Amino acid sequence: MFKRIVIAAFALSLASCVIPTHRPSAPRALPTAVASVSLPPAGTYAIDSSGSELRLLIYRAGPLAALGHNHVVVSRSVTGVVQVGATVAESSFSLTVPVESFVVDESQARREEGDDFPGDIPRDAKLGTRRNMLSSALLDAEHFPTITVTCITLSGGTPEDPVAELTVHVAGHEAKLSAPFHLQGNAYRIVATGTMELRQSALGLTPHSLLHGALQVEDAMQLKFSLAVPIS
């Protein structure tokens, strides 16, 4: 029995990037932004990778969940362009995320996410989680090195709080998603921030489960994003 528990604990440490979470927290504040957004002149603008971030919060699940860890997975290598039109509804964007750019369980990122992510994770556990995330069972980095996101339409809400209808390509699958977000801006940049639940099954992926469900990750995960676009 002890041997099975040890094996289960190791397996859970490798079962990563699709997760249950129902504990959303607000995106981090943008100190130079103002309450409303004024669009720059129509044209094409590049996303600033150094000021942008995608973040996934990954939670353990199942009867043996206590043997594992919750995870924070971050990419700061988002590239893409924004096509600005006369209005938000006439604008669009596209993003590319290299899957190799994902970093697992940075100490600072875990601290920022609070009590659900206590302490530092051992290096071997981080490497195991990342290896499993990039494997053919999940993101299949060898054959699909990037995730691409294309905005089809922007609508709904207000100009500061639109909803993007998206086409997402991940690990050879195509998915259609809706993503609400908030726009802020000043004379130098526009920033889009948002927090949303994202389901693995909606991306064409299969939630990981071991030992007849004793070790598992739930279908739902939480995505946080902050995308910066310089305008001068």
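Are Glu113 and Arg55 buried or exposed? Glu113 is buried, and so is Arg55. Buried means under 20% relative accessible area, exposed over 50%, and partly exposed in between (1.4 Å probe, protein chains only).

This is a predicted model, where local features need pLDDT of at least 70, side-chain atom pairs count only at pLDDT 80 or more, and totals for chains, interfaces and linings use all residues. Residues are numbered from 1 along each chain as its sequence is written, and side-chain values use heavy atoms, with hydrogens and water left out.

**Salt bridges**

Side chains of opposite charge can pair when their charged atoms come close. A salt bridge here is a side-chain nitrogen of Lys or Arg within 4 Å of a carboxyl oxygen of Asp or Glu. The structure holds ten salt bridges. Among them are these:

| Pair | Closest N to O distance |
|---|---|
| Glu113 and Arg55 | 2.8 Å |
| Arg130 and Glu100 | 3.1 Å |

**Around Arg55**

The Glu113 pair links distant parts of the chain, 58 residues apart. Glu113 sits in the loop between helix H2 (107–112) and helix H3 (123–134), Arg55 in strand E2 (residues 48–58). Helices (H or I, at least four residues) and strands (E, at least two) are DSSP runs, numbered from the N terminus.

Arg55 counts as buried because its relative accessibility is 2%. Glu53, at 10%, also counts as buried.

**Arg130 and Glu100**

This pair also links distant parts of the chain, 30 residues apart. Arg130 lies in helix H3. Glu100 lies in the loop between strand E5 (92–98) and strand E6 (103–104). Arg130 is partly exposed, because its relative accessible area is 24%.
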